[in-house]
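Here is a short briefing to read alongside the model.

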Amino acid sequence: MTSSDGAAELESIPAWKSQSVERSLKSARARAQDRSDRFVKAGIELISGTGDTGFTVQDVVDQSGMSIRTFYLFFATKDDLLLAIHETILAAEVEPRLRKRCDAEPDPVEKLKVFIDVLFELSGSAAPATRPFMVHQHRLAEARPNDLDNAMAPQVNLVSELLRDAADAGRLREDLDVDRSAQLVHHLVLAIIEARVLGSEKVRLLTSAQVWEFCSSAIGATEGAKPASQRAARRSGRETI
C-alpha cells in the first residue's frame, strides 16, 4: 500500500469512529496512570512507615490493593518502582518547595542562598523517609547515574535560572559560565546534604551559611548591582571600555 493509499484510508474512517478510539485510548491512559500512581503511593507509605526500603514487591501489592500481575505490567523490578518513588518525591515535593521559597525572595543573589538554606532544612528533617531517600539516591548515583541526572534536572535547572537572573542583574562574576556553575553548585550542595543525612559528624558541623559563603565567593556574588552598561555587556558578550 502506498502512502497516498494509507492517507486515503484514514480519511475514509468516520469521524465518530476516530473520536471513539481517541476516547478509549484516553480512558486507558488515565487508568494506567492511576494504577502506577497507586503503586508509587503505596511504596512511599511503606518507606514512611518503616523508615527503610526493605519492603518486598508483595508488600507494595498488598498496600496498593492491586495484583502482582498488575505491578509487573508497570514496573520490571522493585528498583524501577524505587526510581519512580524517587522521581515523584523530587518532582512533587522537593523542587516545588525550593522554587516557592526562592520565588518569595526578591533579591536575586539572596535567592541562591535560600536555595541552599532550604536543602539544609530538608536534610535536617526528622521524617522517617529522609534517610532511606538519601541512601537510595546515593545508590542511584552508582547504579543508574543517568536516571538520577534526569530526576535531578529540575533542581539543576532551577539553580541555572537563579544564577542567570543574578548574572543579568550584574551581581556575579563577568566571566561566569552559568550552566557549568549550576552543576558545580548543585553537586557540591548535594554531596554535603547526603553526607549529613548518612551520618558524617564532620559534615554535620557545616552550616548552610558556611556553604553559601564558599559558593558565593566562587561565583563572585556581590551585595549591590553593577552598572547597567556592564550588565548589557555581559548579555551581549562584549566588554565595556
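The buried residues of helix α5 are L81, L82, L83, A84, I85, H86, I89, L90, V94, E95, L98 and C102, where buried means under 20% relative accessible area, exposed over 50% and partly exposed in between, with a 1.4 Å probe and protein chains only. This is a predicted model, in which local features need pLDDT of at least 70 and side-chain atom pairs count only at pLDDT 80 or more, while totals for chains, interfaces and linings use all residues. Residues are numbered from 1 along each chain as its sequence is written, and side-chain values use heavy atoms, with hydrogens and water left out.

**More on helix α5**

- Helix α5 covers residues 78-103, 26 residues in total, and reaches 36 Å from its first C-alpha to its last. That is close to the 38 Å expected at 1.5 Å a residue, the expected span being 1.5 Å times one less than the number of residues.
- A kink of about 35° is centred on L90 in α5; the bend at a residue is the angle between axes fitted to the seven residues ending there and the seven starting there.
- At the N-terminal end, α5 is capped by T77, which has a side-chain oxygen 3.3 Å from the backbone nitrogen of D79.

**The chain as a whole**

- The secondary structure comes to twelve helices and zero strands. Helices (H or I, at least four residues) and strands (E, at least two) are DSSP runs, numbered from the N terminus.
- Of the 241 residues in the chain, 36% are buried.
- Contacts are heavy atoms within 4.5 Å. Among the contacts in the chain with a separation of 6 or more, 69% are between residues 24 or more positions apart.

- V57, V60, V61 and S64 are buried in helix α3, which spans residues 57-64. They sit on the same side of α3 because they cover an arc of only 100° around the axis, the arc being that of the directions from the helix axis to the C-beta atoms.
- As background, an α-helix has 3.6 residues a turn, so residues three or four places apart point the same way.
- After α3 comes G65, with a positive phi near 80°.
- T70 lies in helix α4, residues 68-74. T70 is buried, its relative accessible area being 13%.
- The side chains of T70 and S67 are joined by a polar contact of 2.8 Å. Such a contact is a pair of N or O atoms within 3.5 Å; within protein, one must be able to donate a hydrogen and the other to accept it, and residues adjacent in sequence count only if both atoms are side-chain atoms.
- Not counting residues up to four places away in sequence, T70 touches R35 and F39.

- A151 belongs to helix α8, residues 145-168. A151 counts as buried because its relative accessibility is 10%.
- Leaving out residues up to four places away in sequence, A151 touches E87 and L90. This is the L90 on which the kink in α5 is centred.
- The C-alpha atoms of A151 and I89 are 9.7 Å apart, although 62 residues separate them along the chain.

**Helix α9**

- A182 is found in helix α9 and, at 0% relative accessibility, counts as buried. Beyond its neighbours within four places in sequence, A182 is in contact with V156, V159, S160 and L163.
- Setting aside neighbours within four places in sequence, V185 contacts V159 and C215.

**Helix α11**

- In α11, S208, V211, W212, C215, S216 and I219 are buried. Their arc around the axis is only 130°, so they are on the same side of α11.
- The buried residues of α11 pack against α6 (108-123), α8 and α9.
- Exposed residues E213, F214 and S217 are carried on the face of α11 turned away from its buried side.
- G220 follows α11, and its phi is positive, near 70°.
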